[in-house]
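Q: Could you take me on a close look at one part of this model, the place where the two chains meet? I'd like one connected walk through it.

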Amino acid sequence: METGFAELGRFAEPGLLILVSLAGGEKHGYAMMQDIEQTCGARIGPGTLYAVLARLEGRGWIESLPASERRKPYRLTAAGALVLREQLSGMTQLAATGLQRLAATP
Amino acid sequence: MTNNQHQIPNSDEQPGRTIPWLWLFPQAWRTRYEAEFRALLEDCSPTARERFDILFSALDARVRPQAWAIEERDRQLVLQTSTAGGPAIPAPGTKLTVGGSGGVRQQPEEPGERRFTRRTFLRNAILGGVGVLAAGGAVAGANYGWPNTTGAFGKQIIVPLELVPDPGAAPFKHNDGKFWLINNEDGLLALYWKCPHLGCTVPWEDAANEFHCPCHQSVYDRNGVRLSGPAPRPMDLMAVHLDDAGNLIVDSGAISERDAYRREQAFQVG
């Protein structure tokens, strides 16, 4: 299935991290940054974060919720969950293949 | 002393308050994201590198609006949430709900409209180009204007006030800046140590209270004015000033020739 995820270009990797982060529940921007830093050890700068959020939102993969104070939470949409699942299972396949080949060559 | 300059706040100390490059984002982006983006910056205190990341995102949002523009079906949601959230900048963004992707092409262009026409492409390309140039210029300018404490020749050099000689005393030799700093009755002079005759380094002769060039015996008084010898003019001057923080700055990149000594050439420390 072609999801158009690759069209994100250099924003594909942070995009994936953000989708994974939102898969764990709705979060606002700073919470995503912290979550991603803790779970993946990667820090996404605020500029990149919002460039990616705007793209993901534009594709309908995430949606914003009414703001609490000024911090606006986002959540994964059904379409976003589908894309993420597709992307992750592709990575699982890749990982499995790679590990198999590594195991085969001494 | 110019103490009035001290009121200017040091914006680097409060990363959350001053938002770098925010004005560079397109209006439609700001309408939608500015309030929450500000909130995020207050929380996360971006590093210098991340500030540049913000700059690039701003240029990206301008140059490739089609990459993030929100589809028609989402615009209703945008309107609802942005009125509920109350963006800091009230919006000409009500326009976000009109002018769908299939809209009438001949419609006059509205400020908040996202359709990607040749005109908007040109405008974005130009603005993006100007932005890149401005950013480059800002970096170069900051580099140039920043007083270089290591004091390489050609840069602005901070001279600690305790190194400034007393009036009438022997001059202070600044090796990196290639100048003599001398304190005379009219004030300070930063004399470029290169002899205007053929370029030898001119040493100070303490016993004579003069500068004596060893190459061709040009002799200069405490103001750098030629007393004898083949030199065609007095020793050259470097610009001296106090910066906003009260540091004494000798600009070893600002060297000027002169034909005689005048009182205005001397700098009064205060």
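A: **Where the chains meet**

Let's start with one pair: Glu57(A) and Arg32(B) join their side chains in a salt bridge, at 2.8 Å from N to O. That term stands for a side-chain nitrogen of Lys or Arg within 4 Å of a carboxyl oxygen of Asp or Glu. Between chain A and chain B the count is 5 salt bridges.

On the chain A side, α2 (29-40), α3 (46-58) and β1 (62-64) each bring at least two residues to the face that touches chain B, and α3(A) gives the most, with 11 residues. (Helices are DSSP runs of H or I, at least four residues, and strands are runs of E, at least two, numbered from the N terminus.) Sorted by class, that face of chain A has 13 nonpolar, 7 polar and 9 charged residues; nonpolar covers Ala, Val, Leu, Ile, Met, Phe, Trp, Tyr, Cys and Pro, charged covers Asp, Glu, Lys and Arg, and the others, Gly among them, are polar.

Zooming out, 29 residues from chain A and 32 residues from chain B take part in the contact, meaning heavy atoms within 4.5 Å. Together the chains bury about 2,500 Å², 50% of it on carbon and sulfur atoms; this is accessible area (1.4 Å probe) lost on being put together, summed over both.

A word on the source: this is a predicted model, where local features need pLDDT of at least 70 and side-chain atom pairs count only at pLDDT 80 or more, while totals for chains, interfaces and linings use all residues. Residues are numbered from 1 along each chain as its sequence is written, chains are lettered from A in the order in which they are written, and side-chain values use heavy atoms, leaving out hydrogens and water.

Note on methods. Buried area = accessible area lost by both parts, 1.4 Å probe.
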